[in-house]
Amino acid sequence: MISLRDASLKFGRRALWEDLNLDIRPGEFFAVLGPNGSGKTSFLKVLLGLQELHSGTASLGGHPVERGSHLIGYIPQQKPFPPDTPMRARDLVGLGVDGHRWGIRLGKAKADRRIDELLDLVGAAEYAKVPVGQLSGGEQQRLRVAQALATDPKVLLCDEPLLSLDLHHQQAVSALINDQCHEQESAVVFVTHEINPIIDYVDRILYLAGGRFSVGTPHEVMTTEVLSELYDSHVDVIHANGRIVVVGLPDATTHHHDDARAAAGEGA
Amino acid sequence: MDLEGILQSVFNFENYGELLVLVQNSLWAGAVLGLLGGLVGTFVMKRDLAFAVHGISELSFAGAAFALLIGADVVFGSLIGSVAAALLLGFMGVRARDKNSIIGVIMPFGLGLGILFLSLYEGRAANKFGLLTGQIVSVDTVQLQALAGTAMVVMAGLISIWRPLSFASVDPELAEARGVPVRSLALAFMVLLGVSVALSIQIVGALLVLALLITPAAAALRVTSSPRLVVVLSVVFAMVATVGGILLALGGRIPISPYVTTLSFLIYVVCRVIGSVRAKRGLNGRVLRTA
């Protein structure tokens, strides 16, 4: 469904990743992990057609990636809406259904049916008419899932969709994404810095760090040897009760902060 | 002038029926501008462009003053001024903070130019004053047709980009990922906004354009979050303000704009009160589950 060939991405002289060869199948839950500034979000932007590769090719469903592909559903990083945003929950989902089309909405009944379906699917029916700015982060993120699923996407791209959600909502949102993946056979690319909330769903991992990467199943990648080599310093990976804990990570958050901003493409 | 004298000049309804026939064109013009202002205003609010409207209107004023000075068509002059300002803002002010400082720079410059042209102008003083405060009483049929025609074109343009523009306005990141041409839409809207400002200036003047393009939509947003209802209310409010303002102004001998701005201000105040009462009662549309 998704394939990258000899793909490299550089900002200036700094390589985020080089010679990446990758195929993601329909129905595969593919997680992208790594510290801030390692190029996780840029990886998604490449698939969205918003970021050009430095070299190599990226294709989706057999065609080169392009902006606004109807094959893609996208869940952006959770950014709260301002409290006075003039939109209710159902209107936000409506944007996902037909917001990209020209003109005004003519088939209101049909669109409304679809919006109701999607709201039910993500369990958001009871706040369908609440202004989005008054919803909690978890509620807003459910709407984001509904929005992304509106076009029955073959590929679901998620950028840290669980960020700043409480445990209950983390589970609910990741279960929704998992359904789309393993029941509707969509390929899911899930960017995250925390693997545990989705550990039960993940098929394969792309771990990006320090200009290097490693691809494989969680058991292959999340090991002391692999991560120590990626980070170029000793880290311990501990598996306990089906959870994975990485101990001794270099302080990537502060160290790479400026790079992370550069990688996001702009300062603000 | 004593109080009664002031009241006489503000409200005077003698010979009202005869006057009404005379200002039929003005009423139509007011209705058209109300419709346009209400529609455009909803997007101005969504895109947080209230300050930009003000900046555009000052440059529009400069354009109109220049046209007056060289004896060209004033409407055409104000159209050139406002579209130029709108495009400039569209091209230069990509980020909000940038945009506001650019507007802050443009605004006094435009106003200064306008004052310069007006002081060089040696015609009737009423013409000068009209540019700043509006003058719709003397709309003839040809002018009305031109106004209505232009307004129709702007509205048709707005309707054709309605959905993607809404998407790009409230949720730009996702809109871009979905392939909506966010940047071109922003420019297109700025042009439509520029034309709308130029048209509105004729009725309320350069200083008071906000009363037509901002206040009605802002009032509507106080009482509802439903996008459809916002549009309907915004249009109704704007038309009540313009048409109502003209009807009230007939009696007195002062310009129309104070009536229009006062009406639209009152509507806003009422909506604001309704909105805060609702918020206090916690009415936001959530379905409460009974345990």
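Predicted model: local features only at pLDDT ≥ 70, side-chain atom pairs only at ≥ 80, totals over all residues.
Q: Which strands are the edge strands of the six-stranded open sheet in chain A?
A: The order runs S6-S7-S8-S3-S9-S10 in chain A, with mixed pairing. An edge strand here pairs on one side only. That leaves the two ends of the order, strand S6 (72-75) and strand S10 (212-216) of chain A.

Q: What angle does the direction of helix H4 of chain A make with that of S6(A)?
A: H4 takes in residues 137-149 of chain A and packs on the sheet. The strands it touches are S6 and S7 of chain A.

Q: Why do the buried residues of helix H7 in chain A sit on the same side of H7(A)?
A: H7 spans residues 224-231 of chain A, and Leu227(A), Leu230(A) and Tyr231(A) are buried there. They are on the same side because the arc they cover around the axis is only 90°.

Q: Which strands do the buried residues of H7(A) pack against?
A: The residues in question are Leu227(A), Leu230(A) and Tyr231(A), which are buried in H7. Their packing partners in chain A are strand S9 (204-209), S10, strand S11 (236-240) and strand S12 (243-247).

Q: Which helix gives the largest share of the side of domain 1 of chain A that touches domain 2 of chain A?
A: The assignment gives domain 1 as 2-71 + 154-263 and domain 2 as 82-152, with 27 Å between their centres, taken over C-alpha atoms. Twelve residues from domain 1 and ten residues from domain 2 of chain A make the contact. On the domain 1 side, the largest share is five residues, and they come from helix H5 (residues 167-182) of chain A.

Q: How many nonpolar residues does the side of chain A that touches chain B have?
A: The contact takes 28 residues from chain A and 31 residues from chain B. Helix H2 (residues 89-98) gives the most to the chain A side, with three residues. By class, that side has seven polar and eight charged residues, and its nonpolar residues number 13.

Key. Residues numbered from 1 in each chain as written. Chains lettered and ligands numbered in written order. Pairing = 2+ DSSP bridges. Helix = DSSP H or I, 4+ residues; strand = E, 2+ residues; numbered from the N terminus. Contact = placed C-beta atoms within 7 Å. Axes fitted to C-alpha atoms, helices over the stretch in contact; angles between N-to-C directions. Nonpolar A, V, L, I, M, F, W, Y, C, P; charged D, E, K, R; others polar. Buried ≥ 20, exposed ≤ 12 C-beta atoms within 10 Å, placed from the backbone. Arc of directions from axis to C-beta. Domains from an automatic or database assignment.
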